[in-house]
Amino acid sequence: MRQRKRSVSRRQAIATGLAAVGALLLPGCKRSLAPTYGNILRMGDALTYVAQRTLLPGQALVKEYARSEITSFPATGTVNPGDPASPYYNKEYQALHNDDFKDWKLSVEGKVNKPRSYSMEDLRQFTARTQVTRHQCEEGWSAIAEWKGLPLAALLVDAGIKADARYVALHSFDEWVDCIDMTDALHPQTLLAYEMNGNKLPLQHGAPLRLRLETQIGYKSMKYLKKIVVTDKFVDTGDSGWAWYVGI
Ligand SMILES: Nc1nc2c(c(=O)[nH]1)N[C@H]1C(S)=C(S)[C@@H](COP(=O)(O)O)O[C@H]1N2
Ligand SMILES: [Mo]
């Protein structure tokens, strides 16, 4: 699992401050079934999750902008998993990229009735949604872009989510695994985006397909998607020290 840098002192401060409050709130909360958490840091996550899920009905739309408000957009984190110099070099990705992603497919598996792989052509058959939204990176910057893709909800409906499905785990070519809950997965602005600002999704922004999770902070919008696994259990990626639930 990938490790991300974050100052330990800040993590400890957050954990100490929130763990007690989280412990007070959680046992009484029937409405939000909080996910599992592997360590004390996840107490803070649970608190954010409970607070936001209680306050919001879950499907409120985030603000959308006009095309004229689109800004420049830096690329962060991995910018090319097919580069042998990248710490997350992936040979399979390099081969797919060299062939303009002709053979790329997104695998959808787990708690679905019809597990299968979707080519880009398959994904483009779904009714597309286009939205101009603001990306908020946890490092402090934000940027506005137009995204086009299919709602993740449409794909999940197509694959047939089973009754006990609760989370969606996203796997990328640069070895991230990230988990979102069904409320976010089914949100109408949660897209599997294959276009940015009217062009095919650029390499540095996650080609050929990335998640746009507009209800949460930047690092939840997974680039370089490879596989989607529907689960009944939360896939705890807390070993990195980054919160799993980071609503905006
Ligand atoms: N697979 C993958 N997804 C990722 C990242 C990454 O390094 N690898 N970086 C995350 C972070 S921290 C941010 S802010 C956004 C950046 O998207 P951008 O490079 O298109 O600006 O992607 C997120 N998704
Ligand atoms: Mo970020």
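**Leu156 and its surroundings**

Leaving aside residues up to four places away in sequence, Leu156 touches Ile161, Val168, Met182, Ala185, Leu186 and Val230. This is a predicted model.

Leu156 belongs to helix 5. Its relative accessibility is 0%; buried means under 20%, so Leu156 counts as buried. Val108 is 48 residues away from Leu156 along the chain, yet the two C-alpha atoms are separated by 8.5 Å.

Now take the whole helix. Helix 5 covers residues 152-159, and its buried residues are Leu152, Ala153, Leu155, Leu156 and Ala159. Viewed down the helix axis, these buried residues fall within an arc of 160°, so they line one face of helix 5. An α-helix has 3.6 residues a turn, so residues three or four places apart point the same way. What follows helix 5? Gly160 does, with a positive phi near 80°.

Next come the strands. Val230, one of the residues that Leu156 touches, falls within the range of strand 10, residues 225-231. Strand 1 and strand 10 pair in the parallel sense, over four bridges. One bridge can be named: Glu109 has Val229 as its partner in strand 10.

Ser107 has Ser117 as its bridge partner in strand 2. How many residues does the hairpin use to join strand 1 to strand 2? The hairpin runs through five residues. On side chains, a general rule applies. In a regular strand they alternate between the two faces of the sheet.

The last stop is ligand 1. Which of the 24 residues around ligand 1 come nearest? They are Pro74, Asp174, His205, Arg210 and Lys223. A polar side-chain atom of His205 is 2.6 Å from an oxygen atom of ligand 1. For Arg210, a polar side-chain atom lies 2.7 Å from a ligand 1 oxygen atom. Thr78 uses its backbone instead: a polar backbone atom of Thr78 is 2.8 Å from an oxygen atom of ligand 1. Taken alone, ligand 1 exposes 530 Å², and the protein buries 99% of that.

Methods. Residues numbered from 1 in each chain as written. Chains lettered and ligands numbered in written order. Predicted model: local features only at pLDDT ≥ 70, side-chain atom pairs only at ≥ 80, totals over all residues. Heavy atoms only, no water. Buried < 20%, exposed > 50% of the residue type's maximum accessible area, 1.4 Å probe, protein only. Helix = DSSP H or I, 4+ residues; strand = E, 2+ residues; numbered from the N terminus. Arc of directions from axis to C-beta. Contact = heavy atoms within 4.5 Å. Pairing = 2+ DSSP bridges. Near = heavy atom within 4 Å. Polar contact = N/O pair within 3.5 Å; in protein donor to acceptor, adjacent residues only side chain to side chain. Areas by Shrake-Rupley, 256 points an atom, 1.4 Å probe, with all protein chains shown as cover.
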